[in-house]
Each structure stands twice: as structure tokens, then as C-alpha cells.
Amino acid sequence: MRPRELIEPREKIHRMLDHIRWYIHELKWRNACLDFEIAARRFHLATKAGYNPSQPRVPTGNPDGGQWTSGAQGGAASIGHNQGPPLEDPPEIPKQEPSSAKERNNFLKAAARWLARAIRMGGPVGAFVAAYEAMSWLDTDRPFIEAYQDPPKTLDELQEAVTSPQRGYNIHHIVEQTPAELDGFPRSMIDAPDNLVRIPALKHWEINRWYETKNENYDQVTPRAYVRDKDWSGRTRVGLDALIESGVLKP
Amino acid sequence: MKQVKLRDMSVDQLVERFTAIALEQDEALLNDDIAKFNRLFDLMEAVKEELKARDSDQRRALIPLYNHRNAQVRLKAAKATLAVAPEAARQVLQSISDRAEFPQALDAGMTIKALDRGIFKPT
């Protein structure tokens with residue numbers, strides 16, 4: 001029989017080894033959960049942007065191998081060559097919360113736009129999404145980036161959503177409210193349910209900026225100035241077109 | 001962006017200035033600096049007019065910008081050349097729209113609609 005002092009340390013070591021093995025198993029399990037969560041979030045973002053898992057890809061061995069294709073000539077989502085330059089690198093995610101609202105907004109816009117392009121073009125989003133999920137300073141602003149990935153909706157859906165305000169979304173007037181009011185249209189018409197839609201906030205900002213900037217399409221004046229001599233239906237047409245071309249409204 | 005005498009510039013220099021203005025416009029859009037964007041718009045119009053006035057309409061010199069990495073440069077080059085290379089320019093606009101290169105994709109799509117409806121008649 002071995003002396004007690006020799007047995008106890010050996011049992012102690014076994015118990016410690018068991019504990020370490022259990023701890024390693026738990027780490028592996030946690031890692032697997034994290035991988036799953038990342039994959040699920042990627043899939044969630046991709047499906048919001050209209051990703052279809054059964055959409056065909058260009059076969060490997062081709063210059064665009066692995067990219068999405070419509071299956072027909074001139075697939076819209078191919079990368080590089082005559083379809084435009086390859087997808088650029090994702091925006092750098094600030095490690096600390098930006099000190100100014102401008103910096104913060106610029107990051108939100110850049111991130112939302114890059115993610116939308118990457119998903120549309122079948123680019124790699126996993127590393128970016130994982131890094132972005134890890135930044136706690138983004139917790140309150142993530143809805144703005146995720147709302148931007150919404151697929152186009154019907155007019156009914158966008159109008160019905162007005163009664164359910166949500167972070168990351170804005171209530172948008174199809175016919176712009178201030179010029180309409182200046183031109184004598186009554187508030188009852190401007191704020192009528194059929195002129196209001198709930199859309200991603202960053203899309204709302206983009207449409208507003210488009211209305212404010214000078215444009216060759218309209219004799220070098222802004223779209224806002226261009227619609228001033230239009231009646232209500234003419235303004236509505238421009239407003240609906242802008243929603244369609246923003247990818248918010250189904251054509 | 002400095003004021004310069006466009007008449008004294010070569011076609012290459014005008015193309016370079018066009019590109020620089022488009023890149024500044026892109027920055028202005030990102031920063032929501034609409035006043036700056038609209039000032040740059042006027043400067044770009046002057047460059048386009050100067051190219052158009054040169055022998056055989058030198059706006060064609062902007063066609064190589066269809067391959068520029070920046071979407072604002074491609075958008076503006078396409079719109080500036082619709083009168084001289086309508087099909088190719090339209091393809092560039094369509095590509096910007098298809099690739100969801102926002103915010104430029106919105107204007108690219110609206111330009112195609114304006115062309116189809118006869119609202120925008122490039123000259």
C-alpha cells in the first residue's frame with residue numbers, strides 16, 4: 001500500500017486534468033455557438049438584402065468563379081471586368097466610439113453601403129460582420145445598418161409600417177413636405193396616410209440629399225426645384241421613383 | 001477647388017480636373033455638405049462645356065473614366081458622355097444601379113428613367 005501522501009497528489013492531478021478537459025470542451029462548444037451565431041447573423045443580413053440560396057453561381061475555373069449569376073447573359077451581380085470594379089475593402093471599424101456625430105454617421109453610412117454592395121455582389125462579409133458585432137459602442141446604432149439591408153417592399157407594406165415606429169427607420173413623405181406646403185398643398189394632403197411610408201433612416205437621408213443636389217437630368221437644377229411646378233401626381237411619381245431606385249420600394 | 005482658366009488647359013488636364021471634382025463631390029456627399037456639392041457641380045459643368053467646345057467634341061476623352069474605381073467618377077463620366085456614347089454610357093449607369101453602389105445608384109436609376117421618359121435629353 002502506497003503512503004497516503006503519494007496517492008492524494010495523483011488523484012488531485014487527475015481531478016485537475018478532468019477539469020481542464022471539461023474546460024476545453026466548454027471552450028470548443030462556446031466557439032461552435034459563436035460560429036453558428038455569426039453564420040446566422042450573416043444569413044439574416046443576406047436574406048434581408050434579397051439573397052437567394054438557390055441562385056446559381058458562376059462555376060469555379062471561370063474568371064468570376066463563385067460569384068452570383070442570373071443564369072442569363074449579363075448577370076447583374078458579377079464583379080469586375082465590364083461590370084465595374086471589384087468590391088472594395090470594407091470600411092475600418094473604429095475601436096472606440098467616434099467623438100463627433102459626423103464621424104459616427106459617416107461610419108454608419110459607409111458600413112451600411114459596403115454591406116449592401118457586398119451582399120449584392122456575393123462578396124465575403126463574415127469577417128466584417130464578426131468585427132462589427134464585437135464593437136459594443138455600436139449597440140445602439142446597429143439597427144441603422146441592419147435596416148439598410150431590408151429588401152424592397154410593397155407600397156402597402158411601407159405605408160402600414162408607419163404605425164410601428166422602430167429604431168433605424170424614419171417616416172418619409174413620398175411628396176416632400178416643405179416644398180409642398182410652400183406651394184399651397186394642405187397639411188391634410190401632405191400628412192395623409194397614402195403619402196407616408198416607413199423606410200430605413202439611411203435611405204431617407206440619401207433620398208433627401210438627392211432632392212437637394214443639382215442634377216443634369218433636370219436642366220441643372222435640383223430635383224426639389226424641378227418638382228415645384230408639378231401637380232400632386234407629378235410629385236408623387238418622382239417620389240415613388242426615388243423610393244424604387246433606392247431599393248426601398250418594389251418596382 | 002481652385003478657379004482656373006479652362007481655356008488654357010489641355011484635354012488631359014481637363015479630364016484630370018473632371019476626376020478631381022467628382023472625387024470631391026463624393027466626399028461632399030459622404031459629409032452631407034450639399035452647398036459644397038452644388039458648387040462643385042457648377043465647376044464640373046464648366047469643364048464639360050469646355051470639353052464639348054474643343055475640336056470634335058472632346059467629351060469622349062471622359063470615356064476611359066467608365067472604369068474608374070470610384071462610383072461618383074463613373075456616374076458623372078457616364079452622364080457627361082450620354083450625347084457622344086449613349087449606349088456605353090447607359091450601360092455604366094445600369095451597372096452602378098445593379099451593383100447597388102449607393103448613393104450613386106439612386107441617381108443612376110433616376111437618370112435612366114429620365115432618359116426613357118424624355119425628361120433628360122443629353123446634348
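Which way, left-handed or right-handed, is the crossing of α3(B) and α5(B)? The crossing is left-handed. This report works on a predicted model.

## α3(B) against α5(B)

Helix α3 of chain B covers residues 71-80. Its axis lies 10 Å from that of α5(B), and the packing angle is about 15°. Angles under 35 degrees count as roughly parallel, so α3(B) and α5(B) are roughly parallel to each other.

The contact has two sides. From α3(B) come B:Ala71, B:Gln72, B:Leu75 and B:Lys79. They meet B:Gln104, B:Asp107, B:Ala108 and B:Thr111 of α5(B). By class, this contact holds 3 nonpolar, 3 polar and 2 charged residues.

## α4(B) against α5(B)

Helix α4 of chain B covers residues 86-98. Its axis and that of α5(B) are 8 Å apart, at an angle of about 135°. That angle makes α4(B) oblique to α5(B). The crossing of α4(B) and α5(B) is left-handed.

On the α4(B) side, the contact residues are B:Arg90, B:Leu93, B:Gln94, B:Ile96 and B:Ser97. On the α5(B) side, they are B:Gln104, B:Ala105, B:Ala108, B:Gly109, B:Thr111 and B:Ile112. The classes are 5 nonpolar, 5 polar and 1 charged.

Where does B:Pro103 lie? B:Pro103 sits in the loop between α4 and α5 of chain B. The peptide bond that leads from B:Phe102 to B:Pro103 is cis. Its omega is near 5°.

## Where the chains meet

How many residues of chain B are in contact with chain A? There are 27, and they touch 27 residues of chain A. Four helices of chain B each supply at least two residues to this side: α1 (11-30), α2 (34-53), α4 and α5. α5(B) gives the most, with 7 residues. By class, the chain B side has 13 nonpolar, 5 polar and 9 charged residues.

## Chain A overall

Chain A has 10 helices and 2 strands. From the N terminus, the elements run α-α-α-α-α-β-α-α-β-α-α-α. The chain has 251 residues, and 27% of them are buried. Take the contacts in chain A between residues at least 6 apart in sequence: 63% of these join residues at least 24 apart.

## Helix α10(A)

α10(A) runs over residues 232-245, which is 14 residues. At 1.5 Å a residue, the helix should span 20 Å. The C-alpha atoms at its ends are 20 Å apart, which agrees.

Which residues of α10(A) are buried? They are A:Arg235, A:Val238, A:Gly239, A:Ala242, A:Leu243 and A:Glu245. After α10(A) comes A:Gly247, with a positive phi near 80°.

## The loop between α8 and α9 of chain A

Two residues here have positive phi without being glycine. A:Asp219 lies in the loop between α8 and α9, and its phi is near 55°. A:Gln220 is in the loop between α8 and α9 too, with phi near 65°.

Are these residues buried or exposed? A:Asp219 has 11 C-beta neighbours inside 10 Å, so it counts as exposed. A:Gln220 has 12 such neighbours and also counts as exposed.

A:Tyr218 lies in the loop between α8 and α9 as well. With 18 C-beta neighbours inside 10 Å, A:Tyr218 counts as partly exposed. Leaving out residues up to four places away in sequence, A:Tyr218 touches A:Pro223 and A:Tyr226. A:Tyr218 and A:Ala180 are 38 residues apart in sequence, and their C-alpha atoms are 18 Å apart in space.

Methods. Residues are numbered from 1 along each chain as its sequence is written. Chains are lettered from A and ligands numbered from 1 in the order in which they are written. This is a predicted model: local features need pLDDT of at least 70, side-chain atom pairs count only at pLDDT 80 or more; totals for chains, interfaces and linings use all residues. The expected span of a helix is 1.5 Å times one less than its number of residues. A residue is buried if 20 or more other C-beta atoms lie within 10 Å of its own, exposed if 12 or fewer, and partly exposed in between; C-beta atoms are placed from the backbone. Axes are lines fitted to C-alpha atoms, for helices over the stretch in contact, and angles run from 0 to 180 degrees between N-to-C directions. Angles under 35 degrees count as roughly parallel, over 145 as roughly antiparallel, 65 to 115 as roughly perpendicular and the rest as oblique. A crossing is left-handed if the near helix is turned anticlockwise from the far one by less than a right angle, and right-handed if clockwise. Two residues are in contact if their C-beta atoms, placed from the backbone, lie within 7 Å. Ala, Val, Leu, Ile, Met, Phe, Trp, Tyr, Cys and Pro count as nonpolar, Asp, Glu, Lys and Arg as charged, and the others, Gly among them, as polar.
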